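Please open the structure and keep the sequence beside it. The points below take one region at a time.

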Amino acid sequence: MQDFSREADLELAIRAIRAAGEAVMRAFRVEQEVTFKSPEQPVTEADLAADRALHRVLLGERPGYGWLSEETADSPERLKRERVWVVDPIDGTNSFVAGRPEFALCVGLAEGDRAVLGVVHNPVTGEVFHAVEGGGAFCDGQPIHVSERGTSEGPRIVASRWEMKRGEFHAFGDWRVEPLGSTAYKMCRVAEGGAEAFVSRGPKSEWDVCAAVVIVREAGGTVTRIDGQEPRFNQPDPHWKGIAASNGRVHDDLVRLASQPL
């Protein structure tokens, strides 16, 4: 396999995600057919179009890399690859369908079982968050960093509307819980200091978080699974339960409170 630099991979990922974002925006707030993979997992033609656009650019220029995407049938072939694109064409399809500007396109890169590069793009706001392992985190080319607020200062937590409706944050007391769509977009809000934490008890897949994990960590934050374990990537089973991202200062309390019975 040809050895590309991470900087070259980053440039390619940003180019691919912008092109896919343009395709998605042509369908935003336009009536379209919505089907459901499960009760809470809608899929639209825009999801599939973005998947095709990302696949064409990313694997077109990196044919030796593996591929793991929410909208592509998985193949064990990726397990043989040293580097794997981990992609969510639209993270937050519920928000996309509802016409809320709270969804994102995600491109992560895993080397072995580690996430080493991430790009998250909200095509409505135009924001592009990116990070490469060891290089810091950025939004629209400007450095970003997590906040310094601790648990005694009334931390803000961004959360899924579904989980808020189910009453999953009663244990958090005086934490200020704010609704926001897209797992990756919520994690980027933490990375840029707009909230101290994000947590979800629900099922998660590698493509939901791979890109954003790098961005949060490079912004100075912490990301673990809800059980406190390190998220690993390009695994035979790309699914697990729960994710927690924070500025680091509130992380122990975040995981402890999220682990309490409902």
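1. Start with E111. At 14% relative accessibility, E111 counts as buried, because the cut-off for buried is under 20%. E111 has its place in strand 5. Bear in mind that this is a predicted model.

2. Now look at the partners of E111. Its side chain makes a polar contact with the side chain of R83, at 3.2 Å. A polar contact of 2.9 Å joins the side chains of E111 and R6. Leaving out residues up to four places away in sequence, E111 touches R6, E82, R83 and V116.

3. Move across to R6. R6 lies in helix 1, which covers residues 6-25. Which residues does R6 touch, not counting residues up to four places away in sequence? They are E111, R114, V116, L117, V132 and E133.

4. Follow helix 1 to its packing partner. The axes of helix 1 and helix 2 (residues 45-61) come within 9 Å and cross at roughly 155°. An angle over 145 degrees counts as roughly antiparallel, and helix 1 and helix 2 are therefore roughly antiparallel to each other. Their crossing is right-handed. Helix 1 makes the contact through L12, A13, R15, A16, I17, A20 and V24. Helix 2 uses A46, A50, A53, L54, V57, L58 and E61. As background, an α-helix has 3.6 residues a turn, so residues three or four places apart point the same way.

5. The largest nonpolar core has 39 residues. V120, F129, I144, M187, I215 and F233 have the most contacts inside it. Several elements each supply at least two residues of this core, among them strand 4 (83-91), strand 5 (104-111), strand 6 (114-121) and helix 5 (183-191). Helix 6 gives the most to this core, with nine residues. There is also a second, separate core of 32 residues, which includes A53, Y65, I90 and V116. In soluble globular proteins, nonpolar side chains tend to be buried together.

6. Pick out F233 in that largest core. Not counting residues up to four places away in sequence, F233 touches A110, G112, D113, R114, A115, E206, V209, C210, V213 and W240.

7. Is helix 5 largely enclosed or open? Eight of its nine residues are buried, so helix 5 is largely enclosed by the rest of the structure. The buried residues are T183, A184, Y185, K186, M187, C188, V190 and A191. After helix 5 comes G193, whose phi is positive, near 85°.

8. Compare the next helix pair with the one in point 4. The axes of helix 5 and helix 6 come within 9 Å and cross at roughly 5°. Angles under 35 degrees count as roughly parallel, and helix 5 and helix 6 are therefore roughly parallel to each other. On helix 5, the contact is made by T183, A184, M187, C188 and A191. On helix 6, D208, V209, A212, V213, I215 and V216 take part.

9. Finish at L254. This residue is found in helix 7, residues 251-258. L254 is buried, with a relative accessible area of 0%. Leaving aside neighbours within four places in sequence, L254 is in contact with I157, F172, W175, A197, F198, V199, A244, A245 and S246. How far apart in space are L254 and P63, C-alpha to C-alpha? They are 40 Å apart in space and 191 residues apart in sequence.

Definitions and conventions. Residues are numbered from 1 along each chain as its sequence is written. This is a predicted model: local features need pLDDT of at least 70, side-chain atom pairs count only at pLDDT 80 or more; totals for chains, interfaces and linings use all residues. Side-chain values use heavy atoms; hydrogens and water are left out. Helices (H or I, at least four residues) and strands (E, at least two) are DSSP runs, numbered from the N terminus. A polar contact is a pair of N or O atoms within 3.5 Å; within protein, one must be able to donate a hydrogen and the other to accept it, and residues adjacent in sequence count only if both atoms are side-chain atoms. Contact means heavy atoms within 4.5 Å. A nonpolar core is a set of buried Ala, Val, Leu, Ile, Met, Phe, Trp, Tyr and Cys residues joined through side-chain atoms within 4.5 Å. Buried means under 20% relative accessible area, exposed over 50%, partly exposed in between (1.4 Å probe, protein chains only). Axes are lines fitted to C-alpha atoms, for helices over the stretch in contact, and angles run from 0 to 180 degrees between N-to-C directions. Angles under 35 degrees count as roughly parallel, over 145 as roughly antiparallel, 65 to 115 as roughly perpendicular and the rest as oblique. A crossing is left-handed if the near helix is turned anticlockwise from the far one by less than a right angle, and right-handed if clockwise.
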